[in-house]
Amino acid sequence: MKEMSEFNEKLQQLLEVSIQLTSKLESEALFQNILSSAVSLLNTEGGSIYFYDEARQVLSFQYVITTPSELGEQLKKFELKLGEGVVGACALKRESILLEDAQRDKRFYRQTDLFTGYITRNLLTVPMKYYHPDLKQDVLVGVLQVVNKKDGAFQSGDVRVLETLASQAAILLERNRLYSSLREQFLGTIAALAAAVDARDPYTHGHSMRVAKYAVNLAKAMMKTENELFELRLCCLLHDIGKIAIPDHILKKAGRLSEEEFDTMKTHVEEGYKILKPVKLSPEILGGVLHHHERWDGAGYPSGLKEKEIPEFGRILAFADTLDAMTTDRPYRKGKTFPEALQEIMKNAGGQFDPFISEIFQKEFLNIIR
């Protein structure tokens, strides 16, 4: 009865974990969540996820939780051949392996302990696999392993719990891979559209791609999530789509624009918003497209927003858009060097640009332009 009660409790925890996992599509967060959930559910000292490389027939350390934490980076140097060690044997047979006394078992790969100084007492290793209906067979994604149970020995219920988690994780990881592939294809299509818009003006050729690079690199320095980076990249590629509505005699004018012409040019942000709104993109993307020419001091357009009234994507995009505009040659002026552009942008921190993001922009400038 006690074992059944404990199993039911773990099953409830597993369901809660499952709900959390299905809400996460960002690969880094997903993998870490899977591993930390396994370690927590089975009350172990640590655990690891290996990815299976079918072409090379090897399993490589990707994610690890251990004490002390610095051992994790050392362990990532290891690769195991299919069939090598407990992990390799688990992958080869697609079957779970429970070692009650790792040090006495010939299948245990002792090099990891010798390298790190860690002592593995017991371990549970399960394949991360899912059934492929077209292939009519299991597809191996990787291996999930937990080590050193804190409250004694692993039980049969522990095996069932970890196998359930590993099976679901494999499906989620495959969904994540397919989702990422679709997103990249989608980005490729949008990039082609952006290139077509940029091509209308010979002086902005490649502008949207460069802006996307600068903005995403800046956002990485701001520790934005994978999904936020994806949406920001999309926003950058689409930020000038409203220029489709700007007449050629203004868009392609070699000299400076008159005040009236500039007023027409400024409408490209609102035109872009009108074009994109029916597509049902996220508010962050739409806000960035509409407000990337707002200024921190409120003197920008189209709405005269100031400070944090300006959507964050718009504030980030302002740096990237200005950087590319300043470093690009025009018929009436030669583009500035990157150091000159940085100096000019920093002069306007707190006026044109968000002063808080400006600090990151300056500190990470070399990484932003790489």
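**Notes on a predicted model: burial and salt bridges**

1. Let's start with Asp138, which counts as partly exposed at 34% relative accessibility. On this scale, buried means under 20% relative accessible area, exposed means over 50%, and partly exposed is in between (1.4 Å probe, protein chains only). The side chain of Asp138 meets that of Lys129 in a salt bridge, 3.7 Å from N to O. A salt bridge here is a side-chain nitrogen of Lys or Arg within 4 Å of a carboxyl oxygen of Asp or Glu. Lys129 is partly exposed too, with a relative accessible area of 24%.

2. Before going on, keep in mind that this is a predicted model, where local features need pLDDT of at least 70, side-chain atom pairs count only at pLDDT 80 or more, and totals for chains, interfaces and linings use all residues. Residues are numbered from 1 along each chain as its sequence is written, and side-chain values use heavy atoms, with hydrogens and water left out.

3. Now the big picture. You'll find 16 helices and six strands in the protein; these are DSSP runs numbered from the N terminus, with helices (H or I) of at least four residues and strands (E) of at least two. Of its 370 residues, 47% count as buried. The protein exposes about 19100 Å², and carbon and sulfur atoms supply 53% of that (Shrake-Rupley method, 1.4 Å probe; for residues, only the protein chains shown count as cover).

4. Have a look at Ser48, in strand E1, which covers residues 44-53. Is Ser48 buried or exposed? Its relative accessibility is 3%, so Ser48 counts as buried. Skip the neighbours within four places in sequence, and Ser48 is still in contact with Leu35, Phe61, Tyr63, Val64, Val143, Leu144 and Gln145. Contact means heavy atoms within 4.5 Å. Across the protein, 61% of contacts between residues at least 6 apart in sequence join residues at least 24 apart.

5. Back to salt bridges: how many turn up in a search of the whole structure? The search finds 19. Glu261 counts as buried at 15% relative accessibility, whereas Lys253, at 32%, counts as partly exposed.

6. Lys334 and Asp329 also form a salt bridge, with their closest N and O atoms 3.9 Å apart. Lys334 counts as exposed at 67% relative accessibility, while Asp329 is partly exposed, with a relative accessible area of 42%.
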